[in-house]
Amino acid sequence: MMGVFKRLDLLIASLLKWSVIACFFGLFLLMISGILQRFMPEFKISGYEEMIEFLFVWMTYLGATAMWREGMLYRVGAFDNVFSKSVKRALGVIIHLFMIALCWVLIFHGSDFALSAGEITPFLQLNKIYWYAAIPICGCFMAVYSLISLARLLMDPSFEEHQEVITLG
């Protein structure tokens, strides 16, 4: 059974990674076309701003979800060497409870926002729910990963949640 969950986790990780890359690539192409539009006015892309907004929203939330899954969110690493292992674990539990509360806000208020927006894009004539749906959908994935990390913190004494990542030098 655990093998199924690990494969599902790897599938989700891969989908998140490639979705972020696809959104970024789409934004890159749209930005290049925006530059071309300035030099060649006859070259027009209808709904240009709407597509950029859509890709940027999804890239942001999917990227945040990918980072959430990896446990690579920003944190204050100065406390790692100050506190004992038991205090760090207790802080980890408290932090994950706050993270789950944030997920609750993203899921419930994000859903309410998406469902009540009723906004239609001017050119593409699409409901903006497709833009705003990124909030509760990614919030659900974030909540699952927070619950998994919280359970691991509580059940496995050898589990170290965050690994030190040195990005400079």
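**Reading the helices and their contacts**

Mentor: Start with Arg-69, which is buried, with a relative accessible area of 18%. Buried means under 20% relative accessible area, exposed means over 50%, and partly exposed lies in between (1.4 Å probe, protein chains only). This is a predicted model, in which local features need pLDDT of at least 70 and side-chain atom pairs count only at pLDDT 80 or more, while totals for chains, interfaces and linings use all residues. Residues are numbered from 1 along each chain as its sequence is written, and side-chain values use heavy atoms, with hydrogens and water left out.

Trainee: Where does Arg-69 lie?

Mentor: Arg-69 lies in helix 2, residues 48-70. Helices here are DSSP runs (H or I, at least four residues), numbered from the N terminus.

Trainee: Which residues is Arg-69 in contact with, leaving aside neighbours within four places in sequence?

Mentor: Contact means heavy atoms within 4.5 Å. By that rule, Arg-69 touches Asp-9, Leu-10, Ala-13, Leu-16 and Tyr-145.

Trainee: How do I read a salt bridge?

Mentor: Side chains of opposite charge can pair when their charged atoms come close. The rule is a side-chain nitrogen of Lys or Arg within 4 Å of a carboxyl oxygen of Asp or Glu. The count comes to 4 salt bridges. One of them joins Arg-69 to Asp-9, with the closest N and O atoms 2.9 Å apart. That pair links distant parts of the chain: Arg-69 is in helix 2, Asp-9 is in helix 1, and they are 60 residues apart. Asp-9 is partly exposed, at 23% relative accessible area.

Trainee: What other residue forms a salt bridge with Arg-69?

Mentor: Glu-70 does, and the closest N and O atoms are 2.2 Å apart. Glu-70 counts as partly exposed because its relative accessibility is 47%.

Trainee: How far apart are N and O in the salt bridge of Lys-128 and Glu-119?

Mentor: The distance is 3.8 Å. Lys-128 is buried, at 9% relative accessibility. Glu-119 is partly exposed, at 37%.

Trainee: How do I judge the length of a helix?

Mentor: Take 1.5 Å times one less than its number of residues; that is the expected span. Helix 2 has 23 residues and reaches 33 Å from its first C-alpha to its last, close to the 33 Å expected. Helix 3 (residues 85-117) has 33 residues and reaches 46 Å, close to the 48 Å expected.

Trainee: What do the buried residues of helix 2 pack against?

Mentor: They pack against helix 1, helix 3, helix 4 and helix 5. Among those buried residues are Tyr-48, Trp-58, Trp-68 and Arg-69. Next, look at helix 3. Its buried residues include Arg-89, His-96, Met-99 and Cys-103. Their cover includes helix 2, helix 4 (129-132) and helix 5 (134-155).

Trainee: What is the phi of the glycine just after each of these helices?

Mentor: Helix 2 is followed by Gly-71, with a positive phi near 70°. Just after helix 3, Gly-118 has a positive phi of about 60°. Gln-125 also has a positive phi, near 60°, and is a residue other than glycine. Gln-125 lies in the loop between helix 3 and helix 4. Gln-125 is exposed, at 53% relative accessible area.

Trainee: How many disulfides are there?

Mentor: A disulfide is a pair of cysteine sulfur atoms within 2.5 Å. The count here is 0. Cys-103 is in no disulfide, and the nearest cysteine sulfur, that of Cys-140, is 8.8 Å away. That is too far for a bond. Cys-103 is buried at 0% relative accessibility, whereas Cys-140 is partly exposed at 37%.

Trainee: Which residues make the nonpolar surface patch?

Mentor: Patches are made of residues with over 30% relative accessible area and no salt bridge; like charges are joined within 9 Å, and nonpolar side chains (Val, Leu, Ile, Met, Phe, Trp, Tyr) within 5 Å. Areas come from the Shrake-Rupley method with a 1.4 Å probe, and for residues only the protein chains shown count as cover. Phe-25, Phe-28, Leu-29, Ile-32, Ile-35, Leu-36, Phe-39, Met-40 and Phe-43 make a patch of about 870 Å². Leu-29 is found in helix 1, residues 2-39. Leu-29 counts as partly exposed because its relative accessibility is 43%.

Note on methods: Helices (H or I, at least four residues) and strands (E, at least two) are DSSP runs, numbered from the N terminus.
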